[in-house]
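Welcome! Take a look at it first, and then read on.

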Amino acid sequence: MMKTIGYAATSCDAPLKPFSFERRALRHNDVAMEVLYCGVCHSDLHQARNDWGGSVYPIVPGHEIIGRVTETGPDVKRFKQGDIVAIGCMVDSCQHCDQCDKGNEQYCREGNTQTYNSPDRIDGQNTYGGYSKHMIAREEFVLHVPKNLDLSRAAPLLCAGITTYSPLRAWNVGPGKKVGVIGLGGLGHMAVKLAVGMGAEVTIISRSDKKRTDAEELKAHKYLVSSDESAMQKAANHFDVIIDTVPYKHDLDPYLPLLDVDGSLVIVGQIGPLAETSSVPLVMGRRRVAGSLIGGIAETQEMLNLCGEKNILPDCEIIKIEDINEAYERLERGDVHYRFVIDMSSLKND
Ligand SMILES: [Zn+2]
Ligand SMILES: [Zn+2]
C-alpha cells in the first residue's frame, strides 16, 4: 500500500479538508503517478454534497487528472517512469462487453468504474479521485498527454473536453458543418474551441449580448441572442447539431426550430427531467433531441492528440488546494472563466 494525502469531504455539509489515506498496492497492470494538476468539475461539487444521492464518504473528488508516472506494474507496456499522463472520469470497465469492444467504455453494459466514489472491480474499495498527491489506475484507462500542451491547462480536457468532443465526433462535425453551442461555461467553451478546431462553423447561442466579447475571444464565428426573436427566426433551419451544455432544466422549444432537417440537439449538461417540449418541430423536420456521456478511452486519446496538434486548451484559473472550498462557492455562482485547475504542488505531505 502507498500512503498518500488528499482533500476529502467527510459528509454532505462538510467543507473539503486534508485527508490521509492509502492507495492500493500496485497490480501487475497498474500505473502509479504523482498528480500534478487536477481540474474542478461541477460534478465534483455535486458529489461532495451528495446532490445526486449515492455519495460514499469520505469522498475525494477529481476526474480531470494530469500526472507524472512514478511506477509501473510488470505487465504495463505503454508507459514508463517519468511519462506525462492523464486520467479522466473512468478507471475501469468490464473490457469484454460489446460496448467496451467498440471503445464505448462509458456505456459498458456492466457499468464503468468511475474515478471517484465508485467500487473498485477487484477489491470493492471506494475509488478516490485526483484531489490527491498520488493516483493509481490500470493501464487501459491511462492516457498519453501530447508533449507540447501546457500541462497547467490540460486537465479540463479529461472531462469538459471529452464530454463535448464525443458528440461532435458522433455527429461527424467537420468542415461544412454548422454547430451551435448553448451555455458558455466549462463545457460550452470547450465545445466552441473543439468545434472550431475541427473546422466547423460555430455559433454561440446566448440569452443576452453580454458574452459577445467572450465569443470573439473563443474564435466563434457567429453569435446568436436567443431573446432576439427576429434573429432567432432568421437562424431557423441553420444548424446540423446544437450542443446544449446548460446544466439545469430549461425550455428546449426556442432552440429546436434552429435545427436543419435531420439536425440534432445534444444534451451534455443537464441530467434529469426535461422541460415539457412540443413534438411539432421534431416531427416537422425529423429533428432529434439526444444526449451524450463523456467519451470512450480511444476517443479521449484522439481528442488529446487533436488538442496537441492544434494547441487547443481550456481557459483556466489555477488555484491552490486550500482554496478549493472558495472555488466551489464561486463555481456555484458561475464566477469562473471557465475552469478551475488545482496546482497539486500546493498539497504538502506532512
Ligand atoms: Zn466532470
Ligand atoms: Zn463493458
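The second largest pocket of this predicted model has 15 residues in its lining. Nearest its centre lie Glu 22, Arg 24, Gln 125, Asn 126 and Tyr 128.

**More on the second largest pocket**
- The space in the second largest pocket comes to about 320 Å³.
- Two elements each give two or more residues to the lining of this pocket: strand E2 (17–23) and strand E8 (134–138).
- Strand E2 provides the largest share of that lining, with three residues.

**The zinc site**
- Three residues coordinate the zinc ion (ligand 1), namely Cys 41 through SG, His 63 through NE2 and Cys 159 through SG, at 2.0 to 2.2 Å.
- Along the sequence, these donor residues follow the spacing C-x21-H-x95-C.
- His 63 sits in the loop between helix H1 (42–48) and strand E4 (65–72), while Cys 159 sits in the loop between helix H3 (151–154) and helix H4 (160–170), so this pair ties together parts that are 96 residues apart in sequence.
- His 63 has a relative accessible area of 8%, and buried means under 20%, so His 63 counts as buried.
- Cys 159 is buried too, with 8% relative accessibility.

**A nonpolar patch on the surface**
- Val 280, Val 283 and Met 284 make up a nonpolar surface patch, and together they have about 340 Å² of accessible area.
- Val 280, one of the patch residues, belongs to helix H8, which covers residues 280–285.

Definitions and conventions:
Residues numbered from 1 in each chain as written. Chains lettered and ligands numbered in written order. Predicted model: local features only at pLDDT ≥ 70, side-chain atom pairs only at ≥ 80, totals over all residues. Heavy atoms only, no water. Donors = N, O, S within 2.8 Å, 3.2 Å for Na, K, Ca; no water. Helix = DSSP H or I, 4+ residues; strand = E, 2+ residues; numbered from the N terminus. Buried < 20%, exposed > 50% of the residue type's maximum accessible area, 1.4 Å probe, protein only. Patch = residues over 30% accessible without salt bridge, like charges linked within 9 Å, V, L, I, M, F, W, Y side chains within 5 Å. Areas by Shrake-Rupley, 256 points an atom, 1.4 Å probe, with all protein chains shown as cover. Salt bridge = Lys/Arg side-chain N within 4 Å of Asp/Glu carboxyl O. 1 Å grid on protein atoms, 1.4 Å probe; cavity = no way out; pocket = protein on both sides within 12 Å on 5 of 7 lines; lining within 4 Å. Points joined across faces, edges and corners; volume = space filled by probe spheres on them.
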